[in-house]
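Me: Can you walk me through this model? I'd like to go through it piece by piece.

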Amino acid sequence: MEKLMQDLKVQIIQQLNLQEVKPEDIGDDQPLFKEGLGLDSIDALELIVLLQQYHNIRIAKPEDGPNIFYSIRTMAEYITAEKAKQA
Amino acid sequence: MSQQGIYINATCIIRHHSVDRNGQPVYAHEVPQADLQDFLRGLYDRFSGQYPKFHKMDLLSKLGWAATEILLQDMPMDQYTPEDTGVILANASSSLDTDEKYFDTVQEIASPALFVYTLPNIVIGEISIRHKFKGENAFFVAERFDIPFVTGYAAQLLESGAVKAVVCGWVEQYHASHEAAFYLMETAPRGMALPYSAETAEKLYR
């Protein structure tokens, strides 16, 4: 899980072009939207693309998005669960 | 002939990896043949910073956004209500550079971040968000920079009382080719305080 969270931070910085943010600036439980990293609705779409491109996961229920993308940890937990289903 | 009560108070010209403000050179990239992305990042670091959204913009928006940052250096706009400030811009290549990049992504997974920049007037939105402008705005696409038309349009807005200040000009970018020529036109004199005429605007462009 720790390795996945570290990878996610790097992937998010790359995918969202957060050039002034370093992986260590992103807390595992820090909210990604609004008061946290300050991401917006377009970034949310880019995170969906990120899941497809890097992890081959498509979100079945869009309404789950806010919970999945709440933080790095919730994203990692979702990916881990989906990978287990695929295995 | 100059138009009474309308002034060109500042200019910013960006071309060939260098910048003139009010006719004076203020920046030249250390690598004259630098990548446009690197040149625009240099402008951001030199004249602005502290605006992470800049990095997500397409090159056209970065160019127009940076030109406005430089244009409005030492020219505060907070004396105006948001509705009193307008933006009138034009270019030749529309958003073609970004359109092509977006098209390339469509072959696999379409990029939402690129899609939102597939209109030329998005640069006006980025400038307006940054400076809280909510007045009249328009973006024209034409083969060349028609200075009498663009600045005349701005002058008409000022004359009619629709706005009290306008950022207007030319913002052209396609691949590495780039040029921005921005004017701050207002009803009150400050800065350069040149009475507006199309001839004056043309002289300042050269």
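**A buried threonine and its surroundings**

Reply: Let's start with Thr68(B): it has 28 C-beta neighbours inside 10 Å, so it counts as buried. The cut-offs: a residue is buried if 20 or more other C-beta atoms lie within 10 Å of its own, exposed if 12 or fewer, and partly exposed in between, with C-beta atoms placed from the backbone. Bear in mind that this is a predicted model, where local features need pLDDT of at least 70 and side-chain atom pairs count only at pLDDT 80 or more, while totals for chains, interfaces and linings use all residues. Residues are numbered from 1 along each chain as its sequence is written, and chains are lettered from A and ligands numbered from 1 in the order in which they are written.

Me: Which helix does Thr68(B) lie in?
Reply: Thr68(B) is part of helix α2 of chain B, residues 59–71. Helices (H or I, at least four residues) and strands (E, at least two) are DSSP runs, numbered from the N terminus.

Me: And what is Thr68(B) in contact with, leaving aside neighbours within four places in sequence?
Reply: Ile127(B), His131(B), Val167(B) and Phe182(B). Two residues are in contact if their C-beta atoms, placed from the backbone, lie within 7 Å.

Me: Which strands pair with β7(B)?
Reply: Strand β1 (residues 3–15) of chain B pairs with β7(B) in the antiparallel sense over 8 bridges. Strand β6 (residues 165–174) of chain B is also antiparallel to β7(B), joined by 10 bridges. Two strands pair if DSSP finds at least two bridges between them.

Me: Why is β7(B) largely enclosed?
Reply: Strand β7 covers residues 177–186 of chain B, and 8 of its 10 residues are buried, so the rest of the structure largely encloses it.

Me: Which residue takes a positive phi in the hairpin of β6(B) and β7(B)?
Reply: His175(B), with phi near 50 degrees; that hairpin has 2 residues between the strands. In the hairpin of β2(B) and β3(B), which also has 2 residues between the strands, Asn22(B) has a positive phi near 50 degrees.

Me: How many bridges join β2(B) to β3(B)?
Reply: 4 bridges, with strand β2 (residues 18–21) and strand β3 (residues 24–28) of chain B running antiparallel. Val19(B) has Tyr27(B) as its bridge partner in β3(B).

Me: Switching to chain A. How many helices and strands?
Reply: Chain A has 4 helices and 0 strands, in the order α-α-α-α from the N terminus. Its radius of gyration is 12 Å, close to the 12 Å from the globule rule for 87 residues, so chain A is as compact as a globular protein of that length. That radius is taken over C-alpha atoms, and the rule is 2.2 Å times the number of residues to the power 0.38. The C-alpha trace of chain A spans about 35 × 25 × 20 Å along its principal axes. Of the 87 residues in chain A, 22% are buried.

Me: Which residues of α1(A) are buried?
Reply: Leu8(A), Lys9(A) and Ile12(A). They cover an arc of only 100 degrees around the axis, which puts them on the same side of α1(A). The arc is that of the directions from the helix axis to the C-beta atoms. On the face turned away from that buried side, Lys3(A) and Gln14(A) are exposed. The cover over the buried residues includes α2 (41–55) and α4 (72–86) of chain A.

Me: And α4(A), which residues are buried there?
Reply: Ile72(A), Met75(A) and Ile79(A). Their arc is within 65 degrees seen down the axis of α4(A), so they line one face of the helix. Thr80(A), Ala81(A), Ala84(A) and Lys85(A) are exposed on the other side. The buried residues of α4(A) pack against α1, α2 and α3 (65–68) of chain A.

Me: Last one: how many residues does each chain give to the contact?
Reply: Chain A gives 10 residues and chain B gives 8.
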